Amino acid sequence: MKLLRYLGAIQRSVQRHGGGLPGLWSVITRALRIARAMGIGGLLHRVRASGSDQRPSASPPCDAPLPAPVPLEQISLKVGVMAHVFYPDLIEELARSLEQMPISYTLMVSVVDDAAAEQARARFARLPLLSDLQVAKVANRGRDIAPLLLAFEDRIRELDVVGHIHTKKSLYTGSAQEQWRKYLLASLFGDRERLAWMFGVLQAAPDMGLIYPETHSSLPPWAHTWLSNVSVGRTLSARLGLGWESTGYFDYPAGSMFWARVDALRPLFELELSLDDFPVEAGQIDGTLQHAIERLFALIARDRGYRIGVLPTDGSRHMAVEGERNAGAAFRYPLAEQLRMAAIEARVVTLDVFDTLVLRPFMTPNGARQLLALRAERLMGVATFAEIREDAEIAQRQRLGRDPELAEIYQQMGRLARLGDDMTQRLLALEVQMERDLLRSRQAMLEALPVLAGKRLVALSDMYLPKAVLRDVLPPEVQAVTDEWWVSCETGSRKDADNSWSQWAGRLMTTPGRWLHVGDNEHADVQLPQRAGLINPVHVLRPAVLFDMVPALRSLRHPAAAQAPWPEQLWRGLLANRFAYMADTAPHRVYPTPQLDAEDAGYCVLGPMLLDFLLTTAATARQRGIGSILLLAREGYLLEQAWMLLAKVHPGMRALRAEYFLASRRSTALPALAADADLSAVLAGSFNGCVRQLLVARLGSQAVEVIARVDPTLLERDVFLPEMADTLSLWLEPALPALLELARQSQQDWQAHLSKATGGQPAMVVDLGYAGTIQRNLIRLSGEPIGGQYFALRETAKQLNGLGWAEARYFDGRTDTAGSSLILQHDLLLEALLSAPYGQFNGYFRDASGMVHGEFGEQTLGEPGLEALAAVQTGALSFINDTCSAVDANVADITLDKCAVLEPLRLLAEGKWQAGAWLQELATEDDFSGRGKVNVSSTY
């Protein structure tokens, strides 16, 4: 199997380098260069890495409370500190920090000359609790990282915990960064008690692998990406066997000072790097081996199963599992304000296109590529479309020395896969059409662009679609932004190349100081324009990174990142786009705590859940041979609307008979009465109130009329259930024959109504839950084995045993008695969001003329509540509509993680996402238990 993977990797490499003999020769030549540089072992490692299965980088483990730190006197860790001294004038400062060490330790010091070595020995030898001092002179190469990995490797391997510090000045910023260094040292050392606490935690928590300070305020949020280190980072990650994700935001000890469990970083020592692997010192500010390794510390620790502890900026003694990453700096101003302030001196403004002017509904481009591959296979039988297209694009880029145009990519695809011209053109047209269908304008950007009136606007895109095709697939309002479109496949220049910016400055006939660039890519759209001397760029956050930057959104990330299945990328991408609009227009509504209006809540909380639930319902119906779906009141009011939207593009749902079926526990209880014992079952459960209220809640107003004729004094008596169940039965016994006669009269109307609704087909009810009482009643009325699909069921749903099947999408208390359910925990909130805009359905009644009509209880919501409810449900239906608009008939291929789609409900219910005053206007009715109207705000 391994041999086949290696051969496959070699074959793919040949194809990527042009195919045939030229491609083979290119691969051989490259292999010889690698062997000369890295040896045969390095070449074989490359081949193994190419043939290994790709996987995403490890997501952070679930946060967990820190254990109580072990007391200082019980700490048995073997601890060392490795200090790199490039600036000897800071030796005294390091010594003062080390004087706080509360336990015996080894100190390893690297210096770059003999004078510094002598100075270090003299000062550090006087430190208290120092058990061993080692000083090594090293070459000025690899800065503080190379000495850590090379100068004291054997000694560090013998330790349990190692601290890493250095004399950081960061002179490339124009002046020494004293505050950054002082902040890191104070956070990691501080005082004796602080160090005792950290060592105590490391002793108590064997899974704590790395401790370091929160990023210093001088670093921008976008520094938490790979920037210029992508190439080196990808190569290192492959050698280390790490997953690779090039576009996300991640944690790392910026400034490379930390405490680490040695085992957490062991893979770095096993790389067997040499000093020659590090570049000659030339004042580089990014893009070197040492910069890449700095970003790998936390990723390696997590990959080995350790968690990281990020120390807060306020110096308090707690640790976060993920850092804040200075995210607040990205949410200071609305997008329009950012553009207005940045463009004051600008004459020319260049605009990135994808994720800046237009958005796709997926978290990453790979989500769209997966859907394209599915369509290509289904419509045209091309089973390995994604691989062929990727290989073709790489091969053409290699051959042409620039980004290839889409037509050139498909020409190569035709050659690689031996496709005919007609098939090649059909596939090309399929991709173009899909781009046209997916792309939507970034609305907030278009709303902000008027502040740039009078500036020359130029669109810059690193893209394989030439200008004519690109403009054709863009929404009309985006096409109208500018007449100047510079696309890399035509210009030969890319934004991620340093020399492009100077070339473009000449073409634009402007100085960098009058040129503003706007884009989302941290390297190509922010770092390089800054480096080229442009006006400080406007960084437009692409929607996907919000899930990295905003702590309250992080739980929405998929662990497989860009490799996640396209349906998972779709629903998360739609939410990300929604939050992006909020961040663009009112950033305080996203950071630090998302604040949802009613429509946002419907879109983000209800939308994904309804999509998943209804698609699951349709699948269940097909599997069980169901033809009629009864969407029960009152949740069915919204479910029916969502169903109809999906059925427009989902052939399977369109073939099913689905309707909003007016039925409630109250309305079905009376006609389902068939014997004396049935009344006891109807009256079971808790209740506080009078008998009149109980009868209305459980059997309807007609039952009140029956009791009034037998003994009207009963109606005003107080009843408390379940304590008074036997007493109540005795009170009602004289009226039982009349109640059963009333039930028989009602049964005929219900049976006719059921028959009309089902059309004589096998039926299932669809409801929120919880005990399946309505389903049970309908089964008894119809005499047919009606099934049931629910959000969640309680253990009491066992009453359905022997009557009809029932499935719960999210939780089934009949089989998981020890588990818990978000649905059941937050049923009040969910019922309020899903409610219909009218009162409880009380049943069907015949008027004086014999006509059957429905009767509803009083609507308990006021006008503000009805407006809030309408907004919530508008948002939910908008999400369904956006899903259908994005993928059309492929909505039938969507299968979602049922736990993940409940996460927004948890976040809202637990206050991680905040609702506005609109939530206080919502309520639900609990007449069944005698509570009446229950305001959601009483719980949330």
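Me: What makes S16 and S20 a pair?
Reply: Strand S16 (residues 628-632) and strand S20 (residues 763-767) share 4 bridges in the parallel sense. Two strands pair if DSSP finds at least two bridges between them, so S16 and S20, with 4 bridges, qualify. Strands here are DSSP runs of E with at least two residues, helices are runs of H or I with at least four, and both are numbered from the N terminus. As an example, Ser-628 has Ala-763 in S20 as its bridge partner.

Me: What kind of model is this?
Reply: It's a predicted one, where local features need pLDDT of at least 70 and side-chain atom pairs count only at pLDDT 80 or more, while totals for chains, interfaces and linings use all residues. Residues are numbered from 1 along each chain as its sequence is written, and side-chain values use heavy atoms, leaving out hydrogens and water.

Me: Why is Gln-396 called buried?
Reply: Buried means under 20% relative accessible area (exposed is over 50%, partly exposed in between; 1.4 Å probe, protein chains only). Gln-396 has 0% relative accessibility, so it counts as buried. You'll find Gln-396 in helix H14 (residues 385-400). Leaving aside neighbours within four places in sequence, Gln-396 is in contact (heavy atoms within 4.5 Å) with residues including Arg-402, Glu-408 and Arg-415.

Me: How do you know that the buried residues of H12 line one face?
Reply: In helix H12 (residues 335-342), the buried ones are Leu-335, Leu-339 and Ala-342. Seen down the axis, they fall within an arc of 75 degrees, so they line one face of the helix. That arc is taken from the directions from the helix axis to the C-beta atoms.
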